[in-house]
Amino acid sequence: MEENNPVSTNSFLLNKYNVPVPRYTSYPTVPYWNDRIDTIDWQNNFKKEFGIGNAQNGISLYLHLPFCESLCTYCGCYKKITDNHNVEDPYIKAIHTEWQLYKSSMDGVPVIRELHLGGGTPTFFSPENLRKLLQPMLSDSLIHEQADFSFEGHPNNTTVEHLQVLFDLGFRRVSFGVQDNNPKVQHLINRIQPFENVQRAIETARKTGYESVNFDLIYGLPGQTIESILTTIEETISLRPDRIAFYSYAHVPWTSKGQRLFDENDLPKPHEKIQMYAQSRTLFLNDGYHDIGMDHFALETDTLYKAHSKGKLHRNFMGYTTHNTEIMLGLGVSAISTLPGAYMQNEKNLHNYYKVINDRELPVSKGYFLNAEDIQFRNYINELICTGHTDIRPEDSTLIQQYVLPVLKNYEADGLVEMKDHSIIITTNGRDF
């Protein structure tokens, strides 16, 4: 039975740990990457690792489709706001060119195990153009017998045709960006999305045959109150999505200019925000959802919970995953790729991305090549994120004692971690922080 412990409301700890930090999508985190890495070095690393990883586990593909018809002011992702759908065809051609450039470095036929369409708004593209984008790439590849294909959909514009076309191409999971159901909050974040549209989207997905539906929700948005977020949670639970990603709103107006469009006085106070999380978490757990970790909840019937319960959960730039492919190839503007020993982000400016692609070069921008020490510490962090504990190797004890132990002792004093012999264990309260 999963513990339903209340989240700490200790005001001292809330103030102490209410600080902006990078999301742990990688180690080292993106701010520590190099502003430029050598394209040839990246290409050589990809060629070498593909020869190993593709044969063993297959690869993951992430396609970044950046276009949105309107600006959601809370959003921190790279996006391009336009209502001109003529942008679809040139972008499809650019991704196909990028794919062919990578294929020239592949020693063998790629085995696709994971495929995810992110954005932006992937359902900005017409159903026929999504087929036009994906069909040639899938025809070029082998599909793994345990393939997991998913996409992000906007409840307002995900049609029956979108769902059917992608289902026919092998997609079985869809994630709907819901964020909040309250009309006042939706107005402040410029995402007007009636609950009826959300309900219709999930019902249509299930009728089409989708096996797992995820909702993205955010707490800490402008205009939210504890009462309003709990109403959103209750409405969400009534629709019974298989997974729920319950993210903390990150207010970074210095990097996301859209966040300057609302009054910061409308943001919930830190103690209100933690109560939003605590009380929402209780509702999730009481209604059969399990806390997977890092703001994710899932029903027992979902593959994410099954992987979590067996200790086989993994995490990459697409979030928690049931597969560890080690190679994730990101295509499109600002997309991120990962190898066992390297990270790389594509050009973040659409004009620059097109320019490099038109020159038939890989759009390599910032990145990082890991050494053996980086890889081992990444393993420790991933184990903590996915399982809540890790065991330290004796050969790493000197570095741990020098750099990590002083910080962990403070966390231990605050009840966030336990240290036993050579093990680090995150407590229930620590998971919430």
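Are Y219 and Y277 buried or exposed? In this predicted model, both of these tyrosines are buried. Y219 belongs to strand β7 (residues 212-219) and Y277 to helix α9 (residues 270-286), so their pairing ties together parts that lie 58 residues apart in sequence.

Strand β15 (residues 342-346) is largely enclosed by the rest of the structure, because five of its five residues are buried. In a regular strand the side chains alternate between the two faces of the sheet. In β15, A342, M344 and N346 point one way, while Y343 and Q345 point the other way. Residues of both sets are buried. Strand β14 (residues 336-339) pairs with β15 in the antiparallel sense, over four bridges. A hairpin through two residues joins β14 to β15, and T338 has Y343 in β15 as its bridge partner. Strand β15 also pairs with strand β16 (residues 364-369), again in the antiparallel sense and over four bridges. Here A342 stands opposite F369 of β16.

An open sheet is formed by three strands in the order β17-β19-β18, with antiparallel pairing. Its edge strands, each pairing on one side only, are β17 (389-391) and β18 (417-420). On average, neighbouring strands of the sheet are turned by 15° against each other, direction ignored. Strand β18 is joined to strand β19 (residues 423-426) by four bridges, the two strands running antiparallel. M419 has I424 in β19 as its bridge partner. Two helices lie across strands of this sheet. Helix α12 (residues 372-387) lies across β17 and β19 and runs at about 145° to β17. Helix α13 (residues 397-413) lies across β18 and β19, running at about 120° to β18.

A helix-helix contact was also examined. The axes of helix α5 (residues 160-168) and helix α7 (residues 195-208) come within 10 Å and cross at roughly 35°. The crossing of α5 and α7 is right-handed. On the α5 side, V160, L163, Q164 and F167 take part, meeting A201, T204, A205 and T208 of α7. By class, this contact of α5 with α7 has five nonpolar and three polar residues, and no charged residues.

Notes
Residues numbered from 1 in each chain as written. Predicted model: local features only at pLDDT ≥ 70, side-chain atom pairs only at ≥ 80, totals over all residues. Heavy atoms only, no water. Axes fitted to C-alpha atoms, helices over the stretch in contact; angles between N-to-C directions. Left-handed = near helix turned anticlockwise from the far one by under 90°. Contact = heavy atoms within 4.5 Å. Nonpolar A, V, L, I, M, F, W, Y, C, P; charged D, E, K, R; others polar. Pairing = 2+ DSSP bridges. Buried < 20%, exposed > 50% of the residue type's maximum accessible area, 1.4 Å probe, protein only.
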